[in-house]
Amino acid sequence: MFVHREPVRFRDLDPMGHVNNAVFLTYIESARVAFLQHLGAAATLEEMNIIVARIEIDFRAPVRLGDEVSISVRASRFGEKSFDLEHELRVDGQVVAEAKSVLVSYDYETRAAVALPDDWREKLAA
């Protein structure tokens, strides 16, 4: 399973001293980009022809300054034009959040969803 690590930055905190819920989306996004690059599915921004259709997050525990968040990523479902990624976010081995994102293969020129390329499907399923 692919794991990406993100340090908690001061700017990530809310007035209560823990990571703001919205920042978890940034951690997930960073992990997603690193995952796709690692697989060779999208080495550059121009090759990242996907859009986020949905993200759901279940928060389990607070995250604080000084923590390092480990975000695991794995593909869990493939459709004709979309696929799901599942994420588990941990700090020191403890699950702090679980998330699922639905991504759609997208043609930015025509502004339309397109079939998921076979090479992406193969790399994501590996």
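Predicted model: local features only at pLDDT ≥ 70, side-chain atom pairs only at ≥ 80, totals over all residues.
**Entry 1**

I began with helix H1, residues 23-39, and helix H2, residues 118-125. Two packed helices are described by the angle between their axes and the distance between the axes. For this pair I noted that the axes come within 10 Å and cross at roughly 105 degrees. Angles of 65 to 115 degrees count as roughly perpendicular, and H1 and H2 are therefore roughly perpendicular to each other.

Next I listed the residues that meet. From H1 I wrote down Phe-35, Leu-36 and Leu-39. From H2 I wrote down Trp-120, Lys-123 and Leu-124. I sorted the residues of this contact of H1 with H2 by type and got five nonpolar, one charged and no polar.

**Entry 2: Ala-34**

I stayed in helix H1 and looked up Ala-34. Is Ala-34 buried or exposed? Its relative accessibility is 17%. The cut-off for buried is under 20%, so Ala-34 counts as buried.

I then asked what Ala-34 is in contact with, leaving aside neighbours within four places in sequence. I found Phe-2 and His-4. I also checked Ala-34 against Ala-97, which is 63 residues away along the chain. Their C-alpha atoms are separated by 19 Å.

**Entry 3: His-4**

The contact of Ala-34 with His-4 took me to strand S1, residues 2-7, where His-4 has its place.

Within its own stretch of sequence, the side chain of His-4 makes a polar contact with the side chain of Glu-6, at 2.7 Å.

**Entry 4: strand S5 and its partners**

I turned to strand S5, residues 94-107, and went through its pairings in turn.

- With strand S2, residues 50-59, I counted nine bridges, and the two strands run antiparallel. Arg-54 stands opposite Val-102 in S5.
- With strand S4, residues 82-91, I counted ten bridges, again antiparallel. Phe-83 stands opposite Leu-103 in S5.
- With strand S6, residues 112-113, I counted two bridges, and this pair also runs antiparallel.

**Entry 5: the turns on either side of S5**

S4 and S5 form a hairpin, and I noted two residues between them. Asp-92 lies in this loop. Its phi is near 50 degrees, a positive value in a residue other than glycine. The cut-off for exposed is over 50%, and Asp-92, with a relative accessible area of 80%, is exposed.

S5 and S6 form a hairpin as well, with four residues between the strands. I looked up Arg-111, which lies in the loop between S5 and S6. Phi of Arg-111 is near 55 degrees, and I marked it as positive in a residue other than glycine. Arg-111 is exposed, with a relative accessible area of 69%.

**Entry 6: recap**

Asp-92, between S4 and S5, is exposed, and Arg-111, between S5 and S6, is exposed.

Note on methods. Residues numbered from 1 in each chain as written. Heavy atoms only, no water. Axes fitted to C-alpha atoms, helices over the stretch in contact; angles between N-to-C directions. Parallel < 35°, antiparallel > 145°, perpendicular 65-115°, else oblique. Contact = heavy atoms within 4.5 Å. Nonpolar A, V, L, I, M, F, W, Y, C, P; charged D, E, K, R; others polar. Buried < 20%, exposed > 50% of the residue type's maximum accessible area, 1.4 Å probe, protein only. Polar contact = N/O pair within 3.5 Å; in protein donor to acceptor, adjacent residues only side chain to side chain. Pairing = 2+ DSSP bridges.
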